[in-house]
Amino acid sequence: MEFRESKDIGFLLKFVEKEHLEGFLKGEINFSSLKYFNDKAKNDHDDFIADEKEGAFKVDIPKNASIKLKVEGEDRIFEIESVSGTIQVELEEKDKAELGCASFFYISMDDMEFKRNDLEKDETIYVLKDSVKDYFKVFNEDQRIPVLIEANRFIKMLKNYTERQKNCGPVHYYKNNFQEFVASEPDKIPYEMIPFYKDEKFKEQREWRIISRLDKEGERQCINFGDISSFSLILDDSNNQQVAMIFKGLVKKDA
């Protein structure tokens, strides 16, 4: 049996416009370029969903930091200058325009809380935390339709889809901290994985994404990966429907 941490046990959730719901269940997934999110953050001052750092792993250099030059075997140290600004690992602008992103929520065990044990059925029940439901109410104020997707089957389908190059997986959230940035050895991050890093201020998004190259740079595009209706479930669009994880075999009855 494969060992999995609580953060890796879960399901995908997507909020879909009503007019696109039928197409989505048939596998039609909308992508927007990474540059689209850069521009939306700058032009619309949207820092709730859009990200001006999209396509980059970027942190601020501490104020009053300076650069010094030291040569091995020499006692003298040369101070070059005080600096300010950012240090980053970043996609080229052309790739930001050509790479499209489709986003989902990944809801894990960490987003659930214990509800009760059912001794008769030998079940332990966990439900979605109120804080998570409250975030979804804010996020989905335009009343899109929530669709639950079985993650394992969806990922398997994506892996079997070979018509275009793509990457998929969870987003890694990093702190805007220079020391932690250096310790993370950002130069070792594969270039194609840079879109999977975002500032921790977006961590409530619990984002899981697909990155695929678009046919035309800077544009939005719909890509069909195949029918997902057999492992998807349409939820109540009121956002009040309860979602639970039910475990069997965790409760032992008294002998």
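## Aromatic pairs, cores and salt bridges in a predicted model

The count of aromatic pairs comes to 17, where rings of Phe, Tyr and Trp (its six-membered ring) pair if their centres lie within 6.5 Å, with planes under 30 degrees apart counted as stacked, over 60 as edge-to-face and the rest as tilted. In one of these pairs, the rings of Phe104 and Trp208 have centres 5.9 Å apart and planes at 75 degrees, so the pair is edge-to-face. Helices (H or I, at least four residues) and strands (E, at least two) are DSSP runs, numbered from the N terminus. Phe104 is buried at a relative accessible area of 2%, and Trp208 is buried at 4%; buried means under 20% relative accessible area, exposed over 50%, and partly exposed in between (1.4 Å probe, protein chains only).

This is a predicted model, in which local features need pLDDT of at least 70 and side-chain atom pairs count only at pLDDT 80 or more, while totals for chains, interfaces and linings use all residues. Residues are numbered from 1 along each chain as its sequence is written, and side-chain values use heavy atoms, with hydrogens and water left out.

### The nonpolar cores

A nonpolar core is a set of buried Ala, Val, Leu, Ile, Met, Phe, Trp, Tyr and Cys residues joined through side-chain atoms within 4.5 Å. The largest such core has 25 residues, of which Phe24, Ile29, Phe104, Phe154, Ile210 and Phe225 touch the most other members. Two or more residues each come from β1 (10-16), α1 (21-25), β2 (28-33), β7 (99-108), β10 (145-149), α5 (151-160) and β14 (207-213), and α5 gives the most, with 4 residues. Apart from this core lies another, of 16 residues, which includes Leu13, Phe105, Phe139 and Val243.

Ile29 lies in strand β2 and counts as buried at 1% relative accessibility. Leaving aside neighbours within four places in sequence, Ile29 is in contact (heavy atoms within 4.5 Å) with Phe24, Ala102, Phe104, Phe154, Ile210, Gln221, Cys222, Ile223 and Phe225. Ile210, again not counting residues up to four places away, touches residues including Ile29, Phe31, Phe104, Phe154, Leu158 and Phe225.

In α4, the buried residues are Val132, Lys133, Tyr135, Phe136 and Phe139. They cover an arc of only 160 degrees around the axis, which puts them on the same side of α4; the arc is that of the directions from the helix axis to the C-beta atoms. What covers these buried residues includes β1, β7 and β9 (123-128). Tyr135, Phe136 and Phe139 also belong to one aromatic cluster together with Phe15 and Phe105.

### Charged side chains

Salt bridges number 17, each being a side-chain nitrogen of Lys or Arg within 4 Å of a carboxyl oxygen of Asp or Glu. Three of them are set out below.

| Salt bridge | N to O distance |
|---|---|
| Lys198 and Glu54 | 3.7 Å |
| Asp95 and Arg213 | 3.2 Å |
| Lys133 and Asp130 | 3.5 Å |

Lys198, in strand β13 (residues 197-199), and Glu54, in the loop between α2 (34-43) and β3 (56-60), are 144 residues apart, so that distant parts of the chain are linked by this pair. Lys198 counts as buried at 2% relative accessibility, and Glu54 is buried with a relative accessible area of 1%. Both belong to a network of salt bridges that also links Glu207 and Arg209.

Lys133 and Asp130, by contrast, both lie in helix α4 (residues 130-139), 3 residues apart, about one turn of the helix; Asp130 counts as partly exposed at 48% relative accessibility.
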